Amino acid sequence: MPKNGNLFSSWRGWRGRATSRLVHRGWRAVQRAGAVTAERPGPYRFRHIGAGTRLAFPQGTVFGEPWIELGEHCVIGEQVTLTAGMMPGVDLGPDPVLRIGNGVVLGRGSHVIASVPVEFGNDVFCGPYVYVTSDNHSYDDPDQPIGRQWPRFAPVRIGPGSWLGAGAVILPGARLGRNVVVAAGAVVRGEVPDHAVVAGAPARIIRRWAPDEGWQPPLRTPAPVPIPEDMTVEQLLALAELEQEREQEQDEARDRDREREQAQVQTQTQGLEREPGAGAS
């Protein structure tokens with residue numbers, strides 16, 4: 001009887017593992033088939049999709065595509081919302097409303113809401129769950145529910161090379177300069193100059209770069225060493241192996257030093273025990 005039970009348990013375990021592999025393999029196939037590109041736009045009719053741009057499946061809410069332009073080599077994560085206009089089916093005129101430059105990355109679960117022009121410069125990187133909007137509720141009338149009052153709109157521009165951390169919120173009217181860093185969870189409104197780091201809610205400048213002074217206040221960590229452009233993958237792997245060997249040698253050296261110190265302490269302790277009168281009351 002135990003033998004039969006083991007056979008049944010083995011069969012059930014094998015079936016569970018096989019089912020899990022099939023489910024994950026099928027889901028990956030669905031993700032590949034459902035991704036949106038210029039060659040495979042799916043149900044969407046964007047104003048423009050650049051070469052190399054990919055919207056991961058499943059997509060979030062997407063409407064107003066005729067007024068949305070996506071540059072080249074953009075990476076749009078899963079469940080990203082891209083909307084132009086307050087609702088589907090609204091004629092927004094002849095010009096694009098949402099423009100995303102080349103090389104832009106929008107992290108998983110991010111939202112970009114544009115009823116008036118919203119522009120991402122080239123090479124803007126966004127972490128997950130970033131929220132960028134040109135729309136905001138108004139609360140002028142204290143007798144009306146806020147959700148029933150007509151919203152306010154203001155254009156938004158995010159300068160090239162900027163980085164928006166996870167959960168950052170960019171409010172209507174925000175104008176971010178070049179290479180701006182927005183800390184995770186920051187809430188940004190108004191103008192942010194080039195090469196600034198902002199954090200907090202509402203966001204404020206905590207660090208800036210000036211040509212004559214560098215970063216103020218100074219950076220706490222040294223800048224990473226860039227990888228040479230002519231370095232091959234094989235050379236990078238060889239360097240990684242050398243680095244691992246060096247770290248291993250350092251660990252072994254520390255272990256030897258620790259053993260040597262322990263041996264010295266033990267020798268000193270034994271010498272004290274052998275001294276005449278040691279331990280006498």
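A surface patch, as the term is used here, is made of residues with over 30% relative accessible area and no salt bridge, and nonpolar side chains are joined into one patch when they lie within 5 Å. In this predicted model, a nonpolar patch of this kind is formed on the surface by Met86, Met87, Val90, Trp150 and Phe153, which together have about 520 Å² of accessible area. One of these residues, phenylalanine 153, belongs to strand E14, which covers residues 152–153. Phenylalanine 153 is classed as partly exposed because its relative accessible area is 32%, a value between the limits of 20% for buried and 50% for exposed residues.

When its neighbours within four places in sequence are set aside, threonine 37 is found to be in contact with Ile49, Thr53 and Arg54.

Turning to the strands, an open sheet is formed by 6 strands with parallel pairing, and their order is E3-E6-E9-E12-E17-E20. The edges of this sheet are strand E3 (62–63) and strand E20 (187–188), each of which pairs on one side only. Strand E20 is joined to strand E17 (residues 169–170) by 2 bridges, and these two strands run parallel. Within this pairing, isoleucine 170 is placed opposite valine 188 of E20.

Strand E22 (residues 196–199) is involved in pairings of both senses. With strand E19 (residues 181–182), E22 pairs in the parallel sense over 2 bridges, and valine 181 has valine 197 in E22 as its bridge partner. With strand E23 (residues 204–210), by contrast, E22 runs antiparallel and is joined by 4 bridges, and the bridge partner of alanine 196 is arginine 208 in E23. The hairpin of E22 and E23 has 4 residues between the strands, and in this hairpin glycine 200 adopts a positive phi near 100 degrees.

The side chains of E22 can also be considered by direction. In a regular strand, side chains alternate between the two faces of the sheet. In E22, Ala196 and Val198 point one way while Val197 and Ala199 point the other way, and all of these residues are buried.

Definitions and conventions:
Residues are numbered from 1 along each chain as its sequence is written. This is a predicted model: local features need pLDDT of at least 70, side-chain atom pairs count only at pLDDT 80 or more; totals for chains, interfaces and linings use all residues. Side-chain values use heavy atoms; hydrogens and water are left out. Two strands pair if DSSP finds at least two bridges between them. Patches are made of residues with over 30% relative accessible area and no salt bridge: like charges are joined within 9 Å, nonpolar side chains (Val, Leu, Ile, Met, Phe, Trp, Tyr) within 5 Å. Accessible areas come from the Shrake-Rupley method with a 1.4 Å probe; for residues, only the protein chains shown count as cover. A salt bridge is a side-chain nitrogen of Lys or Arg within 4 Å of a carboxyl oxygen of Asp or Glu. Buried means under 20% relative accessible area, exposed over 50%, partly exposed in between (1.4 Å probe, protein chains only). Contact means heavy atoms within 4.5 Å.
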